[in-house]
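Student: I have not seen this structure before. Please take one part of it and go through it closely.

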Amino acid sequence: MKEIPAGSWVLVHSIILEPEQRAPQVPADTKKVPLEMWVKGYLEKAALPGDSVTVKTFTGRMVTGKLVEANPAYNHSFGFVPELQRIGGELRAMLAESAGAGKGSKSDG
Amino acid sequence: MDNSYQAVMARNNEIMLRSVGMDYSKFNTGKIAFDYEGMMAQAGYSLDEVIRIQGETGVGNTPIYELRNLTELVRRTAPRGKGARILIKDEAANPSGSFKARRASVSVYHAKKLGYKGLISATSGNYGAAVASQAAKKGLGCIVVQEVFDSRGIGQPEILEKGRACEAYGAEVVQLTVGPELFYVFLRLLEETGYFNASLYTPFAISGIETLGSEVAGQIREKYGQDPDAVIITHAGGGNVTGTARGLLKAGCKNTKVIGASVDLSGLHMASDGDFNRKSFTTGHTGFGVPFLTWPDRADVPKNAARALRYLDRYVTVTQGEVFYVTEALAQLEGLERGPAGNTSLAAALAIAREMDREQIVVVQETEYTGAGKHPTAQLSFARQQGIEIRRGDPRENVPGKAIVLPTNPGQISVVDYDLNSARRSYLRKATEGYTVEDLDQVDLEFLADETRWSKEKVIEEIRHGLQR
């Protein structure tokens with residue numbers, strides 16, 4: 001595993017509440033799992049992924065957690081949904097038909 | 001200091017007092033009653049002040065568009081003489097891409113005035129980016145606490161996008177797994193930083209939305225020489241309804257119907273790890289809409305300034321499939337790629353306009369920005385990966401968490417009315433818990449009458465009837 005240098009922009013993870021510490025009102029499935037937290041910041045000292053580290057966040061807070069990765073990426077995307085793709089064409093065709101009907105009724109009157 | 005869950009929750013009141021900079025207890029007037037209008041007047045800002053504050057940071061004065069093609073589509077499926085003109089207020093034109101900039105602008109202005117160094121907001125919605133954007137303009141720090149992941153570490157794409165937007169505006173984002181203990185993390189952060197609590201539910205935040213209502217009134221009068229007949233508002237925590245309705249009333253729109261609309265997510269538990277990624281809307285849904293309607297004071301401040309029951313004339317629900325369908329229609333027929341969550345009220349408008357006369361005007365009072373993660377293709381792709389069935393068909397076959405059915409034609413779009421009287425009963429039960437009618441003072445009964453829009457006699461009758469059950 002490659003060491004991540006100090007000063008890198010990194011993601012850290014920590015457990016905030018273990019399952020037995022969770023709030024009384026949470027539903028059964030949620031109660032079985034811990035409350036977890038991820039925070040990003042600049043790494044204070046060089047470390048390996050999985051090490052316990054301290055980072056300095058955007059607002060200057062010092063946060064301790066387990067080092068996950070450097071340069072965490074945004075991976076959320078669009079994808080494609082065929083069922084959506086046809087809607088526009090259908091609606092445009094309906095409107096075109098309606099415009100045609102409108103003209104017809106005008107000449108009738 | 002003891003930072004255990006119980007110890008921090010026990011410090012809730014003192015943390016709130018310090019982080020909101022106001023003492024709510026001075027507005028208490030009875031056992032249940034508090035001076036709502038007094039709180040709004042003293043702690044909030046006047047409409048003129050809000051206009052000035054928002055003018056300084058480029059918030060508000062968004063355009064309003066007549067949706068001619070969607071109106072035509074509705075008229076094709078409406079009975080003769082029916083099919084009201086539909087307009088939409090393009091709130092996506094605000095600095096952070098949603099009406100939430102209005103709320104944030106006043107919160108951030110207030111925090112700066114009181115000398116706070118930064119703000120914290122507990123929100124997985126557009127409000128985070130709005131606070132981050134306004135804080136950036138004022139040079140203040142900003143932390144946004146979000147509920148993002150399930151226990152498998154799978155993030156809701158819409159919330160991931162909102163987190164990205166917050167970071168784009170220079171905010172620190174704290175990402176959590178599912179659970180109401182988000183509030184505990186939020187309190188710890190307020191204590192650690194001494195930042196301002198940019199709650200969605202303070203008088204400052206709500207007064208920021210009043211300009212939305214007054215702008216709608218002014219724009220419709222100027223264009224059409226009349227008041228809007230109905231304004232449809234996507235309803236979640238109640239702020240959008242409350243602020244818009246108050247703005248409409250301040251502008252003198254006494255006869256405009258205020259209609260709330262939410263996406264139906266009934267059957268899904270909002271704090272359930274398993275249900276979390278089975279919903280395709282993270283706001284504007286019944287999971288917030290109903291509980292906040294029936295008990296507004298579940299909010300992150302002692303007294304919620306958003307009290308939708310006081311303002312709603314009607315409350316309706318639509319399905320996830322219908323909202324995605326009209327989101328597509330808005331882009332394809334009107335050239336506006338917006339939403340989807342903000343288009344909940346647009347889906348309702350298509351059904352409600354069909355019931356209204358052709359001469360009438362119905363206003364959809366918001367749009368929101370869209371993009372990767374938020375977009376219908378993103379949400380539906382994700383839903384399919386989570387095992388949700390996606391198909392075309394009759395939208396009444398939608399089942400939250402199981403099937404999303406996109407209509408096959410616009411005539412299928414309909415609304416389901418939520419009984420406001422049952423919401424009022426539910427509110428009364430909660431508000432009067434532990435009291436009989438005889439325990440309450442006149443001021444309490446008058447307050448409950450204002451809260452429910454029932455007469456004092458009706459309130460008394462309902463409390464007595466409720467106690468017998």
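Tutor: What follows is a look at the contact between the two chains and at the elements of chain B and chain A that lead away from it.

This is a predicted model, in which local features need pLDDT of at least 70 and side-chain atom pairs count only at pLDDT 80 or more, while totals for chains, interfaces and linings use all residues. Residues are numbered from 1 along each chain as its sequence is written, and chains are lettered from A and ligands numbered from 1 in the order in which they are written.

Start with the contact itself. Chain B gives 50 residues to it and chain A gives 36 residues; two residues are in contact if their C-beta atoms, placed from the backbone, lie within 7 Å. On the side of chain B that touches chain A, at least two residues come from each of several elements, including helix H5 (68-77), helix H8 (157-168), strand S5 (172-177), helix H9 (182-193) and helix H14 (320-334). Helices (H or I, at least four residues) and strands (E, at least two) are DSSP runs, numbered from the N terminus. H14(B) supplies the largest share of that side, 6 residues. By class, the side of chain B that touches chain A has 22 nonpolar, 17 polar and 11 charged residues. Here Ala, Val, Leu, Ile, Met, Phe, Trp, Tyr, Cys and Pro count as nonpolar, Asp, Glu, Lys and Arg as charged, and the others, Gly among them, as polar.

S5(B) also pairs with a strand of chain A. Its partner is strand S2 (residues 35-43) of chain A, and the two run antiparallel over 2 bridges; strands pair if DSSP finds at least two bridges between them. In this pairing A:Met37 is opposite B:Leu176.

Within chain A, S2(A) is joined by 8 bridges to strand S1 (residues 9-17), again antiparallel. A:Leu11 of that pair stands opposite A:Lys40 in S2(A). S1(A) pairs as well with strand S4 (residues 62-70) of chain A, antiparallel over 4 bridges, and there A:Leu11 has A:Glu69 as its bridge partner.

Back in chain B, H14(B) packs on helix H15 (residues 344-355), with axes that come within 8 Å and cross at roughly 90 degrees. Axes are lines fitted to C-alpha atoms, for helices over the stretch in contact, and angles run from 0 to 180 degrees between N-to-C directions. The angle makes H14(B) roughly perpendicular to H15(B); angles under 35 degrees count as roughly parallel, over 145 as roughly antiparallel, 65 to 115 as roughly perpendicular and the rest as oblique. H14(B) contributes B:Glu322, B:Val323, B:Val326 and B:Leu330 to the contact, and H15(B) contributes B:Thr344, B:Leu346, B:Ala347 and B:Leu350. These residues divide into 6 nonpolar, 1 polar and 1 charged.

H9(B) packs against helix H2 of chain B at an angle of about 55 degrees, with axes 10 Å apart, and the two helices are therefore oblique to each other. Their crossing is left-handed; that is, the near helix is turned anticlockwise from the far one by less than a right angle, and a right-handed crossing is turned clockwise. B:Asn12, B:Ile15 and B:Ser19 of H2(B) meet B:Leu187, B:Leu190 and B:Glu191 of H9(B). By class, this contact has 3 nonpolar, 2 polar and 1 charged residues.

The loop between helix H2 (12-20) and helix H3 (36-43) of chain B holds B:Phe34. Leaving aside neighbours within four places in sequence, B:Phe34 is in contact with B:Phe27, B:Asn28, B:Thr29, B:Met39 and B:Lys303. B:Phe34 and B:Lys303 are 269 residues apart in sequence, and their C-alpha atoms are 8.6 Å apart in space.
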